2 protein chains.
Amino acid sequence: MSYQKKILRVNLSSKQITTEDLPMDLAKQYIGGRGLASKILYDEIDPTIDALSPKNKLIFSTGPLTGTNAPTGGRYMVITKGPLTGTIASSNSGGFFGAKFKNTGYDLIIFEGKADAPCYLYLDDEKSELRDASHVWGKDVYETTDILLKEAPDRAKVACIGQAGERLSLMAAIMNDKGRAAGRTGVGAVMGSKNLKAVVVSGKKKVLIEDKEAFTTAVKQRIKMLKENGVTGQGLPALGTKVLDKIINDSGLYPTFNFQEAVFENTDEVSGEALVEKQYLIKNVACFACPIACGRLVELPTGLKGEGPEYETGWAFGANCGVKDLNAITQANFLCNQYGLDTISVGATIAAAMELYQKGYIKKEELDKGPELKFGNSEAIVYYTKKIALREGIGDKLALGSYRFAESYGHPEFSMTVKKQEIPAYDPRGVQGHGLGYATNNRGGCHVRSYLISPEIVGMPEKLDPQELNGKPEWVKIFQDLTGVIDSAGLCLFTSFALGAGDYKDLINADTGFNYTEEELMKVGERIWNLERMFNLKAGFTAVDDTLPDRLLNDPVPSGPNKGHVHRLPELLPTYYKLRGWDEKGVPLDDKIKELGI
Amino acid sequence: MSYQKKILRVNLSSKQITTEDLPMDLAKQYIGGRGLASKILYDEIDPTIDALSPKNKLIFSTGPLTGTNAPTGGRYMVITKGPLTGTIASSNSGGFFGAKFKNTGYDLIIFEGKADAPCYLYLDDEKSELRDASHVWGKDVYETTDILLKEAPDRAKVACIGQAGERLSLMAAIMNDKGRAAGRTGVGAVMGSKNLKAVVVSGKKKVLIEDKEAFTTAVKQRIKMLKENGVTGQGLPALGTKVLDKIINDSGLYPTFNFQEAVFENTDEVSGEALVEKQYLIKNVACFACPIACGRLVELPTGLKGEGPEYETGWAFGANCGVKDLNAITQANFLCNQYGLDTISVGATIAAAMELYQKGYIKKEELDKGPELKFGNSEAIVYYTKKIALREGIGDKLALGSYRFAESYGHPEFSMTVKKQEIPAYDPRGVQGHGLGYATNNRGGCHVRSYLISPEIVGMPEKLDPQELNGKPEWVKIFQDLTGVIDSAGLCLFTSFALGAGDYKDLINADTGFNYTEEELMKVGERIWNLERMFNLKAGFTAVDDTLPDRLLNDPVPSGPNKGHVHRLPELLPTYYKLRGWDEKGVPLDDKIKELGI
Ligand code: SF4
Ligand code: SF4
């Protein structure tokens, strides 16, 4: 069947590497990927520990569909306690690393402890070694990847951190295949805190399928559905995720000037269309086994090349910072890839700093004669991204994210975060369901756990009124649970524009032989959600943390289609808790825990 | 003595290469470099020809001090009929090419005709060859230089054109040592029109000095003077030419928004000081034998590296385009180096286009969905520089310079040019003498033939009132004549902040044995100036062309220290003509011609 049924456990302190059998009962309960690794983390660490201490563990995890030819079946996840949020963290990344990782013959790697000197893990289907990494410590993601590839067999793949992870930036990402990121919640800093520079994987161990024939049929059908869908068959292939710029701006949801406004007048200059029209786009790129190919290989007039920008990235450095220079936005994106940083958090942190500066809280002297932190300053986004990456000057403090930064000036209200993580490119005041998703997300401000933009704006699977409250908690719950299934199976969330629970079920069953019903599968998703919730509760989070920035709850949108609206979280949250089987403090009731068998 | 006494004549049509003796009588009359080559051009071509026809000639010329250890003794000049202006053209460039060129055993190379296919000249002290250049045609300056260096002995030097020259942009430069430019009047297009991609020089032929002891003494003294001078010993070494940004802006001379204003509010963000403070500067770089080292090796946050920006370049893409993003300005500079373009003309042409666009003469559709041509748009300067280099879209027309571009819209008045060449970074309305220099310059709008900024603003050799008219024609004449001497001897103009005619005389005499008196030397300068003037008159220029853009003559400066002033050219020009021994139409009188022996 589709698991390799092996876990590699790497104790970085003692340098001991051991192999364990994958607990198949837990695999059935949590599928793999995000779910199974979260369960392991939950069982093995105390949620109150400091995320950057050796007591934290870092798990690289594939799902049963990773490495198969299921559409987008190349994903892996990184699970740990996140240093930016203090919550459980799980970051999903594409590219080619995940599939190759599975070919090593392991489903998961658990890193424990802390190495006494920089090292990297080399893993293939015959051996696993902790190797010295002093020659790449201090080097960026591109250089590190190139150097380590030379020390490995052909077709090896690398996931690593850049300087940002080494220097414990709380926005540090883990980068694989150079341009793909396990980006959010600062997972790169955990890797840095362990002196683990990289994971290099190679190997040829095949991923076996339980029912090959049924699987092949299901794969063909799913690819057809993806091709026929307006978003996955047309929008994303044509313009990548940046197909969204105009849609979101026209809907009055495009946060501008650090969420002070919700419409950006220069969207035409920075949109996905502009990326094509300005001839920056060279070609689409796809992750392993992906028929969608939403990735963009981009070349700037100066010859700088790389992947990006995604919609979220373009927004974070663009509208949110008031910048309309697509060349500068893309440079900031490239720098994040190069140094290993989460683009959303970095862009949003610079935006918050711009508001603090323009309102007089940051003094000019603090900029050390760097470019002025003013909205619209194209130079500033490039400049301070590098400062953050290297933690130089004011970048040292910015590297802790917008919450800690704004708080250090006594004004955390300028940080547009949930649980200290920057919320992405959709103003919740214009999408009530999506906003509820932000507030209740187990890894803080993030859009990929319940992407209600799909029904509320795009109209998939059906069109909902974005200002309507009725039914939204139900939608949020379904999306959150289904996303857990997708993340745990090893697929890309973008498939969900075209596929529903039943479609995933067929793929997963043919692959694993687990014979889930649709209901059981959704129950797995619910189990994962509740497990993550319990981790966070143990870590000290309470219902008070299920909230949005004051600005979004109290200040009406000043103009555009959503003029006058605020986010109505207090009207939504109790229903959501109830629906989840949680008490009014957001704590899962015993019945629910028993029902889910956590 | 200090000449190699040989001319290489290369007929590109017939592929014949011949050697001639340097006419030493003419060498005495014109020194070398710009003077001697201008005399040869004047004698050999019909000034009315099309500059891009095979009938034009292209002369690479060194001076007697080129290749010696006289301070800045590494310069060469390119002399031809300039396609941008239609005037005689002579562009002086530094770096290391000039000195190495002299080591081939030749003082001058004269290119004639047109090759039937792309070729390059390889020249050393033993052989000269026209070689196939099809493998580098279409390649940029950096690639071309690297490839051709591999085909030559160690320590060879390359001067070449990029795509701009190949595609006959009238703003194309000839680039040597990658980052140094014989930049103005479109000399690169002449090279392109001849299918001549590059000149590669190598060789060890020493430059002999007439009176070694006197020379060594003179060199030592001159270096001391340069070190002790405030500009050449402190300002230029510390900040490069960008030492000027603040000085010129504070003096209200810093043309902003295509000369609509004369003060730029964001000068602090783009100044030479900012280049250091933002840590873009890696180190100073010097040309051959130069104790000043005004060059700047710069690295941007994205890792892009190169030479620049100079003051003029920073201004052209910066204040003149309303752009305050030093990262973008430097990128535009790098693109000019890479593709072989004159930064001043390109920046000023984009500025003119911005004014035309904002005033509604250029329609949005013409931009082909490129960035909007609005003042302040950092993306636009980078984007359209590349479009100009490759002559793509609206870049095809922009590549002809601002005059032809603005004229094609029926509004040449938005082109800030003299004789169709863009005037540099000093508003003439605030420096009457300097403006007279612009108007009477033999190669059109250019600041390096009579840099009256030195006395009028910096106060060297003495401080003049910039609004005073009295005495200015005299100063302009002296500066123009002395500059001819410096350009012809093979030195850098920047030495003139510290050195006077007598100082040059000692160097030149010890070097050549010509025993010029100071008066004779200035007479040489005057001879060169008049010869160039006669070339232009024969080419069809008249007194009508000795003018400034209407805006500078009629629209008072709207604000700043020079508020209310216009340039008072009509009050200056008759005196200047008279002083020059020219009639009221600006034609040299017979007496003057006889006196100078032209
Ligand atoms: S949809 Fe995009 S991110 Fe997802 S697997 Fe395909 S290429 Fe990768
Ligand atoms: S002063 Fe500057 S341009 Fe002149 S020779 Fe020296 S380094 Fe070169």
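In the predicted model, B:Pro461 is found in the loop of chain B that runs between α19 (453-458) and α20 (472-489), and the peptide bond that joins B:Met460 to B:Pro461 is cis, with an omega of about 0 degrees. Most peptide bonds are trans, and most residues other than glycine have a negative phi.

Backbone exceptions of the latter kind are seen in chain A. A:Gln279, in the loop between α11 (272-277) and β13 (281-285) of chain A, has a positive phi of about 60 degrees although it is not a glycine. A:Arg391, also not a glycine, has a positive phi of about 55 degrees and is found in the loop between α15 (378-390) and α16 (395-398) of chain A.

Between the two chains, 28 residues of chain B are in contact with 28 residues of chain A, and about 2600 Å² is buried between them, with 44% of this area on carbon and sulfur atoms. On the side of chain B, the residues that lose the most area to chain A are B:Pro301, B:Thr302 and B:Glu379, which together account for 23% of what that side buries.

Across this interface, 20 residue pairs are in polar contact and 4 salt bridges are found, including one in which the side chains of B:Lys278 and A:Glu379 meet at 3.0 Å, N to O. The elements of chain B that give two or more residues to the side touching chain A are α13 (326-339) and α15 (378-390), of which α15(B) gives the most, with 6 residues. By residue class, this side of chain B divides into 9 nonpolar, 8 polar and 11 charged residues.

Note on methods: Residues numbered from 1 in each chain as written. Chains lettered and ligands numbered in written order. Predicted model: local features only at pLDDT ≥ 70, side-chain atom pairs only at ≥ 80, totals over all residues. Heavy atoms only, no water. Contact = heavy atoms within 4.5 Å. Buried area = accessible area lost by both parts, 1.4 Å probe. Polar contact = N/O pair within 3.5 Å; in protein donor to acceptor, adjacent residues only side chain to side chain. Helix = DSSP H or I, 4+ residues; strand = E, 2+ residues; numbered from the N terminus. Nonpolar A, V, L, I, M, F, W, Y, C, P; charged D, E, K, R; others polar.
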